[in-house]
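Hi everyone, thanks for coming along.

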Amino acid sequence: MTIVTALSAAMPRLPICIALFASAATATATAAAGNDDLSDRLAACAACHGKNGEGAQGSEYYPHLAGKPAGYLFEQLRGFRDGRRISTMMTWFVQFVDDTYLQEIAEHYSKELPRTRAADTGADMLTDERRAVAERLVQHGDPGRGLPACIECHGQALTGLEPGIPALLGLPADYVVAQFGAWRNGVRHGAPPDCMHDVANAIAVEDIRAVATWLSQQSNIDSARPAPAGSFVPPKACGSLPHKDAAP
Amino acid sequence: MIVRRLILWTTLVVLALVVVAACVLFARQGGFAPFRVPTGTGPPVANDATTLARGEYLVRLGDCAACHTTRGGVAFAGGHAFDTDYGTLYSSNLTPDREKGLGDWSADEFRHAMRYGVSRRGPLYPVFPYEHFARLTDADIDAIYAYLRALVPSANTPPANRLAFPANSRSALIVWRMLYYRPAAPMSATDRGQYLVEGIGHCAMCHSTRAAGDSVPSKGYLAGGILVGSGWYAPPLDADSLRRYSSSELADFLRTGTSPHGTVYGPMAEVVYSSLRALTAADAASMADYLKRIPPHAPPDMRLSARERFGGNSGDFGNNGAEIFKRACAECHGDNGEGKGGHYPALTNAVATRAPTPINAVRIVLYGAMPPTTPGNPRPYSMPPFAQQLSSAEIAAVVNYIRRNEPQASRVAASDVEAMAGIVLD
């Protein structure tokens, strides 16, 4: 390639080059620590989860990764590798990846801004009656069934809790429904005690779709981060995370 | 009267010939010796730190854990399923549990099983690469035994094999051995590279084409072939096919999984991740040196199951491959598939491009790839999947474009892409 053609090929990318140059100063410190931007390496992830883990436009299934707690993302990646969570495609990608790189990938996505818009604007409308059911379960749970409210663990704003509880905003409804099915059927496991297994078994099957649809219609316009670790204590025992029973 | 006598004599002669042939074949598979499994406790083997370290290293190079562990299961506790044309086999428990594992085995019995493929359970199925392990020195087999003895016992019970007749009968294995098994003598370890490749490394289990009864004949030895059932093609290992690697590049490739000429994927990614990344620099150099000295074999006919067949001369091959390549591939792999920046492999001479079958190319385009993490490549670059973005016709078109210099008969049609779809994980 001659210099002229090389230059002309580079021309359309000039604005990107300038932007890169502008951020180069801040990037140098992290790059020196071997922490350069991972997104070039993670093209495989971007195909379904978006370039910055924001979720794919128009996706009906793939969850966003951006801004979820690193501890949560790391546990999911290890789960796919070690068989605690089943997704053929995810296992295919992570099966020969060690903890060190999985941790780095988890931290990479946890630092991205959380997705800001509702995932599923195309999902079925909720009737007033189903909407009321969903809102009641999200806000208050169903003590009669031993079902805690979503907000008790995932936070008042449903933006999650560091280090291990994910946000529930802007997840595709089909994805949420599929996770409830997976917890019920034993193909998705959390570290014991598996709190979501209990929750999925406590909720009435006919209410899962209503809650999932309602959640998918919520957005996070302020890109709010998960609540800081220890800022509240969830009521249910859940893996290695702090919870009320274990609190002094 | 004469006719009856003739029939009688013919029958007797034929019977005698059959018996003689059976005796010859039985003798050629080693006679009774393979079936004389040592009993009793036998003499103890050394289990000092040096021996255990040597055993651990050999167990890594033999990749015992890959077959004798389930996903997320206890290492070496068995139960990994192998789907074969004959049914499903499950690997055994190698931990020293007295009931479920090898806790009761003497060093002599272990050595016998590694050498002859026969244990107290009878003849072992040839998915266990005993024809390769037979070539190890006694000292190496004993070190492996010592290491396995030192594991924490697990009472995991692998499921019973589910095999169709006649493979479900261990006696059928005696017939198989008469036809296809010939005892191999232990090798001297003077050519360290050959010793590792043909012995503990058992490279030929994947890099050869199998003939009748899934045996590995000398004709197809290391000549490359389809890994039946898993949907991948393993390239030949010889001076010709490895010409593009210098010896040091090949040695690095074995340990890191990546090179200027390509990156490991599919089953080889697992081999590098769970085995070869532990190779010492000296052993990697010996293996590379030996592999590059292997004289090329004529490629044998490929055995293709339904999902591995491809179109050849009929079907929809697509004619917009160049345009799809420009849109989907060129940004990383370069406008002419020349590769970019060391992280994006060249496609020009890649195995997936030059293989006699398009199956690897199809599967990488469909499902993408993440190379294994290794000390030499701790943060691999990944290849995105295109199954969601491109139709089967588009995938066929772009694969045929990348492989446009290969024989017309190896073109892939849209319908073949659909037949090849599906990820086989274990």
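Let's start where the two chains meet: 22 residues of chain A and 21 residues of chain B make that contact, with two residues counted as in contact if their C-beta atoms, placed from the backbone, lie within 7 Å. This is a predicted model, in which local features need pLDDT of at least 70 and side-chain atom pairs count only at pLDDT 80 or more, while totals for chains, interfaces and linings use all residues. Residues are numbered from 1 along each chain as its sequence is written, and chains are lettered from A and ligands numbered from 1 in the order in which they are written.

On the chain A side, the elements giving two or more residues are α3 (43-49), α5 (88-94) and α6 (99-110) of chain A. Helices here are DSSP runs of H or I with at least four residues, strands are runs of E with at least two, and both are numbered from the N terminus. That side of chain A has 12 nonpolar, 4 polar and 6 charged residues; Ala, Val, Leu, Ile, Met, Phe, Trp, Tyr, Cys and Pro count as nonpolar, Asp, Glu, Lys and Arg as charged, and the others, Gly among them, as polar.

Staying in chain A, how do α7(A) and α11(A) cross? Helix α7 (residues 128-140) and helix α11 (residues 205-216) of chain A have axes that come within 9 Å and cross at roughly 80°. Axes are lines fitted to C-alpha atoms, for helices over the stretch in contact, and angles run from 0 to 180 degrees between N-to-C directions. So α7(A) is roughly perpendicular to α11(A), the word for 65 to 115 degrees; under 35 is roughly parallel, over 145 roughly antiparallel and the rest oblique. Among the contacting residues are A:Arg130 and A:Leu137 of α7(A), and A:Trp214 of α11(A). By class, this contact has 7 nonpolar, no polar and 4 charged residues.

Over in chain B, helix α2 (residues 49-61) and helix α6 (residues 138-149) pack at about 95°, with axes 7 Å apart. That makes α2(B) roughly perpendicular to α6(B). The residues in this contact include B:Leu52 and B:Tyr147.

Last stop: is helix α17 of chain B (residues 392-402) enclosed or open? With 10 of its 11 residues buried, α17(B) is largely enclosed by the rest of the structure. Buried means 20 or more other C-beta atoms within 10 Å of a residue's own, exposed 12 or fewer, and partly exposed in between, with C-beta atoms placed from the backbone. The cover over those buried residues includes α13 (321-328) and α18 (414-420) of chain B.
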